[in-house]
Amino acid sequence: NPKTGAIIAMATAPSFDPNNYSKVESYGVYSNLAINGTYEPGSVFKPLNMAAAIDAGGVNPETTYEDTGSVKIDKFTINNALRKAYGVQTMTQTLEKSLNVGMVFVMNKLGIDRAYDYVTKFGFRALTGIDLDQESEGAIRDREKMKPIDLATMGFGQGIDVTPIQVLSAFSA
């Protein structure tokens, strides 16, 4: 329930029959991946970062940038998924087309300190407080160790680990 945070139903797969638990071939089925299975969220993270940038006043839906298809940060080159340049794009178009280069633009508007603050305010790097055992905090680089490339890749959900329950909680905000 996004208004209260109450979990109404939860399921993970693969499952097991609790009446025949001795027949389980892999102990991994006993893990609740919704709360302790971390993963790189990828583009799922883009709307959260865009919301942060809009809230902070760094961009608005009509803010534009020139999408050249790639951006160089230190010795790294970040490309759009299709390795295509899209020209002048709004923030709305950046989300519609899921543009990595646009999200680097957004994250640079936020900066490391504000981006880190928003990520933690959304509940990442912390337990959600769900009343289940073995919840994971996920992993996001410490603010003091973040470099421009970490900020850029966090914009499109790479270089970080989150749990499904954290993502659900953040989108409920």
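Select Glu137 to begin; its place is in the loop between α4 and α5. Helices here are DSSP runs of H or I with at least four residues, strands are runs of E with at least two, and both are numbered from the N terminus. The model is a predicted one, in which local features need pLDDT of at least 70 and side-chain atom pairs count only at pLDDT 80 or more, while totals for chains, interfaces and linings use all residues. Residue numbers start from 1 along each chain as its sequence is written, and side-chain values use heavy atoms, with hydrogens and water left out.

Glu137 is partly exposed, at a relative accessible area of 43%. With a 1.4 Å probe and protein chains only, buried means under 20% relative accessible area, exposed over 50%, and partly exposed in between. Show what Glu137 touches, not counting residues up to four places away in sequence: Arg125, Ala126, Leu127 and Gln166. Contact means heavy atoms within 4.5 Å.

Next, go to Val119 in helix α4. Val119 is buried, with a relative accessible area of 4%. Its contacts, leaving aside neighbours within four places in sequence, are Phe45, Asn49, Phe124, Ile140 and Met154. Leu48 is 71 residues from Val119 along the chain, yet their C-alpha atoms are separated by 8.3 Å.

Now colour the largest nonpolar core, which has 28 residues; Phe45, Leu110, Phe124, Ile140 and Met154 have the most contacts inside it. A nonpolar core is a set of buried Ala, Val, Leu, Ile, Met, Phe, Trp, Tyr and Cys residues joined through side-chain atoms within 4.5 Å. Two or more residues each come from α2 (46-56), α4 (100-121), α5 (148-155) and α6 (164-172). The most come from α4, with 9 residues.

Beyond neighbours within four places in sequence, Leu110 is in contact with Asn49, Ala52, Ala53, Ala56, Ala115 and Tyr118. Another core, of 6 residues, lies apart from the largest one and includes Ile78, Val104, Ile149 and Ala152.

Move to α2, where Lys46, Leu48, Asn49, Met50, Ala52 and Ala53 are buried. Their cover includes α3 (91-96), α4, α5 and α6. Just after α2, Gly57 takes a positive phi of about 85°.

Then pick Thr153 in helix α5. Is Thr153 buried or exposed? Thr153 is buried, with a relative accessible area of 17%. Not counting residues up to four places away in sequence, Thr153 touches Ile78 and Gln158.

Strands β2 (residues 70-73) and β3 (residues 76-79) run antiparallel and are joined by 4 bridges; two strands pair if DSSP finds at least two bridges between them. The two form a hairpin with 2 residues between them, and Asp74 in the turn has a positive phi of about 55°.

Last, look at the largest pocket, with a volume of about 240 Å³. Of its 14 lining residues, Gly5, Ala6, Ile7, Leu168 and Ser169 are the closest to its centre. On a 1 Å grid over the protein atoms alone, a pocket is an open set of points where a 1.4 Å probe fits, with protein on both sides within 12 Å along at least five of seven lines, and lining residues have an atom within 4 Å of a point. Grid points are joined across faces, edges and corners, and the volume is the space filled by probe spheres set on them.
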